[in-house]
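This report concerns one protein model and the contacts made within it. Please consult the sequence and structure shown here before reading on.

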Amino acid sequence: MNDMIIFKNIVRAALAAALFGIFYSCSTKTTELSVKSPDGNIQFTIVPGDSGKLFYKVDLIDSGKTLNVISPSPLGIVRNDGSFVRDLEFAEVNPVLTINEAFDLPAGKQKHIENLANELTITFKNPSGMLMQLIARAYDDGVAFRYAFPEKNDQVFKIENEVTGFDIQGNGNAWLQPYDRVTMWTPAYETFYTNSIPIGTPSDSAEGWAFPALFRTDDAWILVSEAAVDSTCYGAHLQPQAPDGRYTIRLPEEEEAMNLMPQDPEVSLPWYSPWRVIILGSELSRIVESNMIVKLAPEPQMNADWVKPGRASWSWWSEPTSPRNFNALKRYVDLAAAMGWEYSLVDANWDLM
C-alpha cells in the first residue's frame, strides 16, 4: 500500500512539473510565473513590475471563465541590512512541488484533513546579491504565500517592514473588524465587525483593520488572513486606508511590544515569514468549510493526547460578574452536568473571588 502511495505521489509530481512547463520557459526573461490549484480552478501568478518590483494576482476559473479576483498587488519585505522591494532580479525557480499530506485533529470542522496543494518557489536577489524566496501554494479553495531568506547565517537580522497588498478586484462589500487602540487589555479582538460596508471604506480606527477580513465581489467571496505566525515574526493587520480596494499589511503598533520584546522581529537565517492567506470561492460555503489555516500551520511539537475536546457552560458571557461569585459558578457547573456537557468554564476575574 505504501509503495502504491509513493508511486502515485511521483506521478503527481511529474504531472505537476509538466504542467509547470506551460507557465515557465527556460528563459529567465519570462514575464509571468504561475501555479494552479490541483483542480485547476484557482491560479496564482507572479507579475514583474517596473523598477524590479514584484506583484502577484489571483484568478478564479469558474465554468471555463477566468475571473480576476486579486488584481496585481505588491510584494516585498525589508530587512535592516537590505531591502527586497525593488530592483530585484530573478535567480532561480524550483519545479512545482505537490503537497500531499493527511492528518487527524482532536477538534475542528473535520477530524481527518487532507492537505493537497501545488507549491511554487521562486528565488530573487536584491542589488547586494542577497537572496529572497517567494513560496506560493495553490489550493482548491484559495492561495497562500510567504517570504523566505534561504541563506544560512547565525547573525541577528531585524525584519523592519512588509509591503504586501491585497488588491480586491471589482465592486462589492466587506465585513471588517476595526483594530483596537493599544491598552493594557487590547487588542482583544472584541470590537464588533462592520457589516457589509463598501470595499475600500477607510477604518474609523487609526490602527486599521484586524484579520481575518471578508469580502464579497461580483465574482467571488474572499477571506484574507494569515497562518503559521510564530515567535520569529509579528502578527500583522491591515492599514486603515484601502484606496481603490487595495488593502496593505500593517505591522504591530509600537505600544504592542510593551517593552517586553523588540519592536522589530530579530531572526537568524534561514527564516520563513508567516503565510499570507487568501481563501476564495464563488459561494460563501467555500470560506466556511475551508481548513487552509490549519493546513498551513506547522506540525505541533508537543504531545496533545491529554487534550480532551468538549462542550462547556460559560458564565461570563451572560453574567460578567459571575466569576467572582462562588454560588453563581455552582449554577453553571450544575447546568453543564444537567446538559451532559464535559466542562464548565471559569473566566476573567475569578482571582477576585
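## Arginine over aromatic rings

In this predicted model, the charged end of Arg79 sits over the ring of Phe157, at 4.6 Å from the ring centre. Arg79 also places its charged end over the ring of Phe149, where the distance to the centre is 4.5 Å.

## Aromatic pairs

Nine aromatic pairs are present in the structure. One of them joins Phe44 and Phe145 in a tilted arrangement, with 5.7 Å from centre to centre and 40 degrees between the planes. Phe44 belongs to strand β2 (residues 42–48) and Phe145 to strand β11 (residues 142–162), so this pair ties together parts of the chain that are 101 residues apart in sequence. Phe44 has 0% relative accessibility and therefore counts as buried. Phe145, at 0% relative accessibility, likewise counts as buried.

Phe84 and Phe149 form a pair that counts as tilted because the ring centres are 5.0 Å apart and the planes stand at 45 degrees. This pair links distant parts of the chain, with Phe84 in strand β6 (residues 82–84) and Phe149 in strand β11, 65 residues apart. Phe84 and Phe149 are both buried. Ring pairs also join Phe44, Tyr56 and Phe145 in a cluster.

## The seven-stranded sheet

Seven strands make up an open sheet with antiparallel pairing, in the order β1-β2-β3-β4-β12-β18-β17.

Strand β2, which contains Phe44, pairs with β1 in the antiparallel sense over four bridges. Within this pairing, Ser34 stands opposite Thr45 in β2.

Where does Pro212 lie in relation to β14 and β15? Pro212 is found in the loop between β14 (197–198) and β15 (213–217).

When neighbours within four places in sequence are set aside, Pro212 is in contact with Tyr193, Leu223, Val224 and Ser225. Between Pro212 and Gly340 the C-alpha to C-alpha distance is 33 Å, and these two residues are 128 residues apart in sequence.

Notes: Residues are numbered from 1 along each chain as its sequence is written. This is a predicted model: local features need pLDDT of at least 70, side-chain atom pairs count only at pLDDT 80 or more; totals for chains, interfaces and linings use all residues. Side-chain values use heavy atoms; hydrogens and water are left out. Helices (H or I, at least four residues) and strands (E, at least two) are DSSP runs, numbered from the N terminus. Contact means heavy atoms within 4.5 Å. Rings of Phe, Tyr and Trp (its six-membered ring) pair if their centres lie within 6.5 Å; planes under 30 degrees apart count as stacked, over 60 as edge-to-face and the rest as tilted. Buried means under 20% relative accessible area, exposed over 50%, partly exposed in between (1.4 Å probe, protein chains only). A charge sits over a ring if NZ of Lys or CZ of Arg is within 6 Å of the ring centre and within 35 degrees of the ring normal. Two strands pair if DSSP finds at least two bridges between them.
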